[in-house]
Amino acid sequence: MSVLSVPPARSLPRSALARRFPAGLRLVWLYLRTRRVPTGILALAVLGGLLRAALHYHWVFNSGPYAQQVPMIIEAGAAAVIAVTAQSPFGEAERATGRWLPYLRLLVAAALAGLAILAMQLGAIGESLNDGVLVLARNVIGFTGLGLACSLVTGGLLAWTLPLGYMLFCQYALLEAWRAPWAWPVRPPADRGAWICASVVFAVGLLLFTVRGPRTQLSDNG
């Protein structure tokens, strides 16, 4: 009988671990790991370095429409990285955790967009970037909004298709000197309509992604 009254030896370490790492922090870390967010942050840093190399070694034209081509590709690549982090190998199983999942989606997506802009800006420090960092930031948030919105239809693994596809379309619009505000990646930094379009796309994409989450199975959008 005295043996039965002794608590299990493993109960103490588990309880101590639970006190050290609250359930909320464990949920956040689980969310970040399942979405491969640490890998995404590393990829954004690599893209920032790629932009610096492109500017430093003159892979980019100094002026004219061709000067925006390479930076636009890198900006769309950063948005594609953010969009892919919407994918979880477990689907949205964290729905069972309650109301915190939408907040996690919102904060992580917004933080990654900010980190992408920061990585691009650091990559352009000391180099000659056509149209400056304002166009860079505008393009990143616009492409990111497209990727987040695409994840609702295709899921996270294919959410890169819309920002990269739109980037290819904008390469053509750049060479044709289109002036429409919805072609914001080809517009100058002072174009108010381009800023409005990019900001609206980002806000709508982020809102829908926050509320609904990415598509994980065929029944999600049925």
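The side chain of Asp191 reaches the backbone nitrogen of Gly193 at 3.1 Å, a polar contact (a pair of N or O atoms within 3.5 Å; within protein, one must be able to donate a hydrogen and the other to accept it, and residues adjacent in sequence count only if both atoms are side-chain atoms). The model is predicted: local features need pLDDT of at least 70 and side-chain atom pairs count only at pLDDT 80 or more, while totals for chains, interfaces and linings use all residues. Residues are numbered from 1 along each chain as its sequence is written, and side-chain values use heavy atoms, with hydrogens and water left out.

Asp191 lies in the loop between helix H7 (161–175) and helix H8 (192–212); helices are DSSP runs of H or I, at least four residues, and strands are runs of E, at least two, numbered from the N terminus. Asp191 counts as buried because its relative accessibility is 14%, and buried means under 20% relative accessible area, with a 1.4 Å probe and protein chains only.

The side chain of Asp191 also meets that of Arg187 in a salt bridge, 2.7 Å from N to O. The term covers a side-chain nitrogen of Lys or Arg within 4 Å of a carboxyl oxygen of Asp or Glu. The structure holds 1 salt bridge, and both Arg187 and Asp191 are buried.

As for the whole chain, the protein has 8 helices and 0 strands. Of its 222 residues, 41% are buried. Among contacts (heavy atoms within 4.5 Å) between residues at least 6 apart in sequence, 75% join residues at least 24 apart.

Note on methods:
Buried < 20%, exposed > 50% of the residue type's maximum accessible area, 1.4 Å probe, protein only.
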